[in-house]
Amino acid sequence: MTAEQRHTDTTFSLGTRLEEDTRLPDSAPRQTASAIDAAGNPVTSVNTENQGHGRTGVIHTPHGDIHTPAFIPVGTKATVKTLTPQQVRSTGAQAVLSNAYHLYLQPGPEIVDQAGGVAAFENWHGPTYTDSGGFQVMSLGVGFKKVLAMDTKGLDKKDIVAQQSKRMAVVDEDGVDFRSVIDGSKHRFTPEVSMQIQHQLGADIIFAFDELTTLVNTRHYQERSVERTHRWAQRCLEEHYRQTVLREDKPLQSLWGVVQGAQYEDLRKQAARGLVELSDAAIADGRRGFGGYGIGGALEKENLGTIVNWVCEELPENMPRHLLGISEPDDLFTGVAAGADTFDCVAPTRLARRGGVYTLDGRMNLTNARFKNDFSPIDAEVGGEVSDNYSRAYIHHLLKAKEFLAGTLCTMHNLHFMITLVDNIRRSIEEGRFVEYRAEFMSRYYGEGWEARLG
């Protein structure tokens with residue numbers, strides 16, 4: 001670590017604002033009962049995601065810059081599955097996000113700390129994020145099956161939340177008791193424990209410990225959860241400052257608060273305002289405040305833009321905003337227009353390991369028999385190392401033969417596709433043609449009726 005890194009804090013420089021009106025002029029307003037305004041009424045709106053919040057910018061960290069909007073690949077256990085760090089870098093990735101829960105269980109944060117932090121441990125030369133562990137504690141322990149449902153149609157509550165007797169995590173005011181997914185051993189996370197772990201992991205950007213809820217939790221429970229997450233955020237700020245002082249020989253880390261509140265406008269805005277107030281109070285007291293904000297929790301796909309817009313109305317313009325767990329192309333356009341700066345999700349890499357790949361003409365699965373004699377690249381227009389050097393037929397063969405290289409090639413392609421897409425979105429904002437590029441990409445990728453996908 002250099003002296004400069006020790007004294008360099010993470011900051012954000014605002015670039016080009018999205019000035020275009022991103023609403024679709026021919027779209028009729030629709031009522032969605034899942035998004036609830038401050039008066040308790042269902043929201044009646046469509047494509048209102050841009051109220052001046054979309055923008056480009058640069059997040060400056062001790063280990064390098066992140067030009068935004070940006071897609072951040074997920075390296076859950078200090079590795080993007082099937083890829084070396086050099087291969088991740090070759091996709092255009094600017095940063096990687098690792099998981100505090102999994103690294104706590106294995107190999108343990110003390111090992112990563114001894115290695116010099118997660119970047120040094122995995123030989124990644126660039127900015128890093130770690131999440132708080134809250135999502136995994138709740139999702140793996142309460143039964144969300146690793147991903148949150150963005151659509152509850154056709155699902156029963158038991159399909160989303162495990163029965164109490166089967167849960168591996170229990171929430172109380174102080175924190176969460178949970179069992180390891182590795183060996184069933186008992187553990188406990190509190191805001192203080194999460195901060196201690198994330199300081200040992202040493203990422204540039206870390207997140208406050210929050211309580212994750214689902215679309216099937218009651219309004220009353222969502223209210224209590226937002227209040228509890230607020231109190232946990234206060235404790236995170238206090239422990240973050242304490243750890244920063246104790247570990248004065250380590251690079252500065254930026255703590256970001258996480259906005260919850262599900263589909264309720266008043267709760268989302270209350271949560272966002274509350275985090276800003278906590279941050280301002282900490283700074284006024286001579287301590288460190290939040291360096292940015294995450295937008296998390298369960299929300300329905302069709303309300304994504306509306307909810308992100310609510311939150312961004314309350315957050316400082318000079319702070320970066322990270323939308324947690326989002327990666328579908330239509331959601332990226334919606335999230336950027338509404339004001340999100342960075343995104344992460346496991347979907348592109350998980351899909352790749354099953355043979356699923358993105359192309360400009362939509363998704364396809366290379367395990368299908370029709371690719372056996374198809375010697376064309378996955379997507380010649382998108383290009384990249386995989387499309388420039390390997391055929392669909394070859395990757396189909398690797399998948400059928402269960403060769404590990406199949407996952408590597410599909411993962412490299414999907415990350416290159418997603419990162420290039422967000423890079424192009426950033427460029428379109430700078431050039432004043434975001435709406436044009438969105439129509440060009442979406443009409444080809446999704447086909448007729450693509451407009452209905454914008455939340």
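**View 1. Who lines the second largest pocket?** Helix H5 (118-122) gives the largest share of the lining of the second largest pocket, with 3 residues. This is a predicted model, where local features need pLDDT of at least 70, side-chain atom pairs count only at pLDDT 80 or more, and totals for chains, interfaces and linings use all residues. Residues are numbered from 1 along each chain as its sequence is written, and side-chain values use heavy atoms, with hydrogens and water left out. The lining comes to 21 residues, and His-63, Gly-116, Gly-117, Ala-120 and Pro-251 lie nearest the pocket's centre. Helix H5 (118-122) and helix H8 (191-201) are the elements that give two or more residues to this lining. (Helices are DSSP runs of H or I with at least four residues, strands are E runs of at least two, and both are numbered from the N terminus. A pocket is an open set of points on a 1 Å grid over the protein atoms alone, where a 1.4 Å probe fits, with protein on both sides within 12 Å along at least five of seven lines; lining residues have an atom within 4 Å of a point.)

**View 2. The largest nonpolar core, around Phe-441.** Phe-441 is one of four residues, with Phe-290, Leu-366 and Ile-425, that touch the most other members of this 100-residue core. Helix H16 (residues 404-430) supplies the largest share of the core, 12 residues. Ignoring neighbours within four places in sequence, Phe-441 is in contact with Pro-329, Phe-333, Leu-360, Phe-417 and Leu-421. (A nonpolar core is a set of buried Ala, Val, Leu, Ile, Met, Phe, Trp, Tyr and Cys residues joined through side-chain atoms within 4.5 Å; buried means under 20% relative accessible area, exposed over 50%, partly exposed in between, with a 1.4 Å probe and protein chains only; contact means heavy atoms within 4.5 Å.)

**View 3. Arg-247 in its loop.** Look for Arg-247 in the loop between helix H9 (219-246) and strand S13 (254-259). Arg-247 counts as buried because its relative accessibility is 15%. Its side chain makes a polar contact with the side chain of Asp-113 at 2.9 Å. (A polar contact is a pair of N or O atoms within 3.5 Å; within protein, one must be able to donate a hydrogen and the other to accept it, and residues adjacent in sequence count only if both atoms are side-chain atoms.)

View 4. Thr-11 sits in strand S1 (residues 11-17). At 42% relative accessibility, Thr-11 counts as partly exposed. Thr-11 and Val-58 are 47 residues apart in sequence, yet 8.3 Å apart in space, C-alpha to C-alpha. Leaving out neighbours within four places in sequence, Thr-11 is in contact with Val-58, Ile-59 and His-60.
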